[in-house]
Each structure stands twice: as structure tokens, then as C-alpha cells.
Amino acid sequence: MKQAVIVSSLLMGGVLLSACQPASDNKPAQNSTASATVSTTVASVQSPHHVASVAVASTVSPQAAQNGAPKQINWALVDSGVKPVDKASFKYPFELDSEPVKAYAEMYHVDNETSRYNLTVGMAVNEVLSKVLDQLGTAYVSHELTAGKNSAFVIHTTQQIAPSQYTYVFAEPFAKGLTIPVKIINDGKK
């Protein structure tokens, strides 16, 4: 009986783990890929213009506005309550002359200061994403962190959500006080 429970538990665990694996559509990649590392992979690059990622949408449906108009994001619920800091005086987790900073700067044709900032906020964007997902529910489609001098965190949704913008201030210690523009675009882009 004990062995049957263990075998059953192992089989169920395997099923759950396989369900967590990303689906493969066996299509050839359309863009070249590269990666920047800081002892582990920092980001996957799909093109020289953006770093993209797709997360699983919440099963909670967004509430439609009473008049049938797209739902507005309540940015007050997303706000971290942290005051922004000067990014020039921020104590970054990456040295300005480190290999990941130089590699990113070369790949995206930006200076090392911009590179270091983008790497730092790029590793912290899940903080804002989780807060926005609470309001998007099944209207969430995908998200991307644009690269370059003026990076932004773009969240793609269905047309159930009204387009909007917000400057988010990070609360987590890794990027505390740094800001990033967040854009909601209801274009359904994956």
C-alpha cells in the first residue's frame, strides 16, 4: 500500500512538472537569439530591439466596465509606495565595466550606464507584472521589455483593457527606487 502511494505520488508529480513545460510548436525561429549572463542567463533576446517573455495569464476574468467600455487599470493598486531614486547615484548590482554590462551595451548599441540600468530593471520587472496581472486576468496576452536608451515594460492585452501608461517605482531590494515606464497596449500581440 505504501509503495502504491509513493508510485502514485511520483507519477502525479511527473504529470504536474510536464504540464509546466512550455509548449513547442516546432516552428523554426524567426529571429536570432543571444544571451547575456551574470553567472546565469540574464535575459533571452529575440531581436536587437526587445527582450520578450510570455507568462501564464490568471484564471480570473477582468471585470468589464459597466458601460461596455474597456476596463481601466487601477494604477493605485499597482503603486509600490516607494519614492524614486536618482538612477545615476543608485548602487547597482552590476559593475559598470562587467562583462554582462559591456555585452548588453554592445548588442543594443547603448552606453554602459544605460546597459546596467536595463539589466537591473529587466531582472526586477516581474514585481510590476504580478501586480498588473491581478487586474488583467484572462485579458493578458504577453509582455516585453524593450531594449535601448529608453526602455519600457510593455504589457499586451486583449481589447477588454484600455490602453494606459504608468511609471512604476520598484520596491524589491535589487532595484529599489528605480523606475520604469509601464505601457498597457490592447493589441492582442503575443
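User: I'm new to this structure. How do I read a salt bridge here?

Analyst: A salt bridge is a side-chain nitrogen of Lys or Arg within 4 Å of a carboxyl oxygen of Asp or Glu. The general idea is that side chains of opposite charge can pair when their charged atoms come close. Here, glutamate 99 pairs with lysine 102 in a salt bridge, with their closest N and O atoms 3.4 Å apart.

User: Before we go on, what kind of model am I looking at?

Analyst: It's a predicted model, in which local features need pLDDT of at least 70 and side-chain atom pairs count only at pLDDT 80 or more, while totals for chains, interfaces and linings use all residues. Residues are numbered from 1 along each chain as its sequence is written, and side-chain values use heavy atoms, with hydrogens and water left out.

User: How many helices and strands does the chain have, and in what order do the elements run?

Analyst: Helices (H or I, at least four residues) and strands (E, at least two) are DSSP runs, numbered from the N terminus. This chain has five helices and seven strands. Starting at the N terminus, the order is α-β-β-β-α-α-α-α-β-β-β-β.

User: Back to glutamate 99 and lysine 102. Why are they separated by about one helical turn?

Analyst: Because they sit three residues apart in helix H3. As for cover, "buried" means under 20% relative accessible area, "exposed" over 50%, and "partly exposed" in between (1.4 Å probe, protein chains only). Glutamate 99 has 55% relative accessibility, so it counts as exposed, while lysine 102, at 37%, is partly exposed.

User: Which residues of helix H3 are buried?

Analyst: In H3, which spans residues 99-108, they are Pro100, Val101, Tyr104, Ala105 and Tyr108. Looking down the axis of H3, you'd see them fall within an arc of 130 degrees, so they line one face of the helix. That arc is taken from the directions from the helix axis to the C-beta atoms. Over on the other side of H3, Glu99 and Glu106 are exposed.

User: What about the inside? How do I read a nonpolar core?

Analyst: In soluble globular proteins, nonpolar side chains tend to be buried together. A nonpolar core is a set of buried Ala, Val, Leu, Ile, Met, Phe, Trp, Tyr and Cys residues joined through side-chain atoms within 4.5 Å. The largest one here has 28 residues, and Phe153, Ile155, Phe170 and Ile180 have the most contacts inside it. Elements that each supply at least two residues of this core include helix H4 (112-122), helix H5 (126-136) and strand E5 (153-157). H5 gives the largest share of this core, five residues. Apart from it lies another core, of eight residues, among them Val101, Ala105, Tyr108 and Val110.

User: Is histidine 156 buried or exposed, and what does its side chain join?

Analyst: Histidine 156, found in strand E5, is buried, with a relative accessible area of 2%. Its side chain is joined to that of aspartate 187 by a polar contact of 2.8 Å. A polar contact is a pair of N or O atoms within 3.5 Å; within protein, one must be able to donate a hydrogen and the other to accept it, and residues adjacent in sequence count only if both atoms are side-chain atoms.

User: Where does serine 151 lie?

Analyst: Look in the loop between E4 and E5. Serine 151 counts as buried at 7% relative accessibility, and its side chain makes a polar contact of 2.9 Å with the side chain of asparagine 118.
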